[in-house]
Amino acid sequence: MSASAVHSLWTTAAEPISKIDAPKIEYAQLSPTLIVIGAAVVGVLIEAFVPRKSRYYAQVFVAVVALAAAFSAVVALAAGGYGTTKAHIAAMGAIAVDGPALFLQGTILLAGILGVFTFAERRLDPQAHGNRVDAFAAQASAVPGSDTEKAAVKAGFTTTEVFPLLLFAISGMLVFPSANDLLTLFVALEVFSLPLYLLCAVARRKRLMSQEAAVKYFLLGAFASAFTLFGIALLYGYAGSVSYATIAHVVDGTVTNVDPALAGTMGNDVLLLIGTALVVMGLLFKVGAVPFHMWTPDVYQGAPTPVTGFMAAATKVAAFGALLRLLYVVLPGLRWDWRPVMWAVAVVTMLGGAIVAITQTDIKRLLAYSSIAHAGFILAGVIATSPDGVSSVLFYLGAYSFVTIGAFAVVTLVRDAGGEATHLSKWAGLGRRSPLVAAVFAVFLLAFAGIPLTSGFAGKFAVFKAAAEGGAGALVVVGVISSAIAAFFYIRVIVLMFFSEPKPEGPTVAVPSPLTMTAIAAGVAVTLVLGVAPQYFLNLASQAGVFVR
C-alpha cells in the first residue's frame with residue numbers, strides 16, 4: 001500500500017465532528033439513590049475525621065436521616081405521578097422510574113431503617129471493660145483471639161464502618177430493580193454485594209464462623225457475578241445493545257435499523273437462550289432459589305444476626321425486582337422458553353426449602369431454609385406473567401421483609417454465656433420465662449407459615465391467586481403442599497417455646513434498647529395490619545405493578 005493511500009485513510013475520516021451532547025441526568029427522579037450514596041460517602045469521611053468516641057452517634061444519625069430523607073423522596077415521586085402516568089426512563093436510558101421501581105425502593109429503604117436500628121443495638125451484650133458493645137467485632141482487622149483483638153476490646157473500639165457499608169449496600173439495591181440496561185444492572189449488583197460480603201465477616205462472637213460465612217458468600221457470589229457478566233456479553237452479541245428496550249425489540253422481531261456489522265450474529269437464538277439463562281442464574285443466586293441456594297444457610301448462620309436480618313429482607317426485594325423487570329420488560333417474547341424452567345425452579349425451591357428445614361436444629365439455619373421456601377412461593381407469582389403477578393409479588397416482598405427483620409431481631413435477644421443462643425433446644429420453655437418475646441416470635445412464625453390474619457396469608461393468597469389465573473394451577477397445588485410442610489416446623493418451634501419445660505441453665509432474654517424494640521414493634525404492626533386489612537396495600541401494589549417500556 002502506497003504512502004498516499006495510507007495518508008488518505010487518515011485524512012478522509014477527519015470530517016468536522018458534530019458536537020458531543022452533554023448527558024441529561026434527571027437528578028430529582030434519581031434523588032433517593034443519590035441521597036443514600038451521598039450519606040455513605042459522608043459516613044466514610046466520619047470514619048476518617050471524627051474522633052472515635054463520637055463516631056457511633058454520628059454514623060447512626062447520618063444513616064437514619066439519609067434513609068428517612070430518601071424514603072420521603074420516593075413518596076414524593078410516587079405522589080407526583082412518577083409511578084403511574086409520568087413513569088419514564090431516566091438517566092440517558094439507564095434507570096427506569098416507574099411503579100415497581102418506586103414501590104421496591106420504598107420497601108428497601110424502610111427495611112434499611114429497621115436494619116440500622118438493629119445494627120446500632122448496644123445493650124444486649126454485657127459491657128466489656130465499662131464500654132457498651134454491639135454485634136460487630138471491636139477491630140475487624142485483628143486476628144480472632146489475638147492480643148490485638150483483646151487490646152481493641154479493652155480500649156472500647158467498635159466497628160462503626162458497618163453503617164457506611166450498609167448505606168452503600170442499600171444504594172446498590174435501590175438501583176438494582178430499577179436498572180434499565182444490563183451494565184447498570186451489573187454495576188448495581190456489585191455495589192450491593194461487596195459491602196454485604198464484608199458485613200458478613202465482622203461478627204463480635206464466633207468470629208471464625210463469621211469469616212468462613214463471608215468467604216463462602218464471596219466465592220459463590222463471585223461465580224454468580226461471573227455467570228451474570230458472561231450472560232450480559234452474550235445478550236449484547238445477540239441484540240447489539242445492552243438496553244432492555246432494544247433487546248426486547250430484537251426478541252420480538254420489531255427492530256428497524258440494524259448495524260451491518262452486527263447483522264451476522266443479531267437474532268442468533270443460541271446467544272439469546274444461553275445469555276438469558278446465565279443472567280437469570282445470577283439473579284436466582286441472589287434470591288436463594290434451589291439449586292443456587294447452597295450459600296444461604298451457612299451465611300445466614302455465620303453472619304452477625306442484624307446483618308442476616310437485613311440481608312434476608314432487602315436482598316430478596318432487590319433481586320426479585322430485577323428478575324421481574326428482566327422477564328417482563330426484556331423477555332416477554334421469550335415467555336414459552338423461560339416459563340417451564342421457572343416452573344421447575346419454583347417447584348424444587350418450594351419443596352426443597354420446606355423439607356430440608358424440618359431437619360434443622362439451629363434457629364438461624366431454620367429461618368434460612370424457610371427463606372428459600374419463600375423464594376419459591378414468590379417465584380409462583382413471577383410465573384403468572386400478568387399485572388396481578390407483578391402486584392402480588394410486590395405485596396409479598398413488602399410483607400415478607402418486615403416479618404424477616406422482626407424475626408431476626410427477636411433472635412438477637414435470646415442469649416447465653418456464649419452470645420446468642422441459636423440452638424433450638426435452648427428455646428424450650430421460652431414462653432414461660434419470657435412470654436412477651438415468645439408471643440412476638442410466634443406471631444412472626446405464624447406469618448411465615450401463612451396463617452390467616454397475618455401478612456403471610458394475604459401475601460401467599462395473592463401470589464397463588466395470580467399464579468392460578470395465569471394458568472399455573474399445578475404450581476399452586478405444590479405451593480399449598482409446601483406451605484403445609486413448612487407450617488409443621490414453624491408450629492413445632494411455637495410448641496417448643498410454650499409447651500416445654502424451661503431448662504434451669506437455659507438462656508436469658510436480654511432487654512434491648514428502644515432501637516431494637518422499634519424494629520420488632522414495626523415488624524409486628526406491619527404483620528398484623530397487612531393480615532387484617534391488606535386491601536389498601538394490595539391496591540397500592542396493583543397501581544404500582546406496571547413496568548415502563
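This is a predicted model: local features need pLDDT of at least 70, side-chain atom pairs count only at pLDDT 80 or more; totals for chains, interfaces and linings use all residues.
Two packed helices are described by the angle between their axes and the distance between the axes. In the model, the axes of helix H7 (residues 182-199) and helix H12 (residues 305-330) come within 12 Å and cross at roughly 170°. H7 is therefore roughly antiparallel to H12, since angles over 145 degrees count as such. On the H7 side, the contact is formed by Leu 182, Leu 185, Phe 192, Leu 196 and Leu 199. These residues meet Val 307, Phe 310, Met 311, Thr 315, Ala 322 and Leu 326 of H12. By residue class, the contact between H7 and H12 consists of 10 nonpolar residues and one polar residue, with no charged residue.

Thr 315, one of the H12 residues that meet H7, is buried, with a relative accessible area of 2%. The side chain of Thr 315 reaches the backbone oxygen of Met 311 at a distance of 2.9 Å. Beyond the neighbours within four places in sequence, Thr 315 is in contact with Met 173, Phe 192, Leu 196, Lys 286 and Phe 310.

The largest nonpolar core comprises 179 residues, among which Phe 176, Leu 379 and Phe 441 touch the most other members. H12 supplies the largest share of this core, with 18 residues. For Leu 379, the contacts outside four places in sequence are with Leu 284, Ala 289, Phe 320, Leu 323, Met 342, Val 345, Ala 346 and Thr 349.

A further buried position is found in a loop. Gln 360 lies between helix H13 (335-357) and helix H14 (363-383). The relative accessible area of Gln 360 is 11%, and the residue is therefore classed as buried, the cut-off being under 20%. The side chains of Gln 360 and Thr 359 are joined by a polar contact of 3.4 Å. When neighbours within four places in sequence are set aside, Gln 360 is in contact with Arg 365, Leu 366, Tyr 369, Leu 424 and Arg 492.

Gly 99 is located in helix H4 (residues 99-119). Gly 99 is likewise buried, with a relative accessible area of 3%. Residues up to four places away in sequence not being counted, Gly 99 touches Tyr 82, Gly 83, Ala 544 and Val 546. By contrast, Gly 99 and Ala 151, which are 52 residues apart in sequence, are 51 Å apart in space, C-alpha to C-alpha.

Note on methods. Residues are numbered from 1 along each chain as its sequence is written. Side-chain values use heavy atoms; hydrogens and water are left out. Axes are lines fitted to C-alpha atoms, for helices over the stretch in contact, and angles run from 0 to 180 degrees between N-to-C directions. Helices (H or I, at least four residues) and strands (E, at least two) are DSSP runs, numbered from the N terminus. Angles under 35 degrees count as roughly parallel, over 145 as roughly antiparallel, 65 to 115 as roughly perpendicular and the rest as oblique. Contact means heavy atoms within 4.5 Å. Ala, Val, Leu, Ile, Met, Phe, Trp, Tyr, Cys and Pro count as nonpolar, Asp, Glu, Lys and Arg as charged, and the others, Gly among them, as polar. Buried means under 20% relative accessible area, exposed over 50%, partly exposed in between (1.4 Å probe, protein chains only). A polar contact is a pair of N or O atoms within 3.5 Å; within protein, one must be able to donate a hydrogen and the other to accept it, and residues adjacent in sequence count only if both atoms are side-chain atoms. A nonpolar core is a set of buried Ala, Val, Leu, Ile, Met, Phe, Trp, Tyr and Cys residues joined through side-chain atoms within 4.5 Å.
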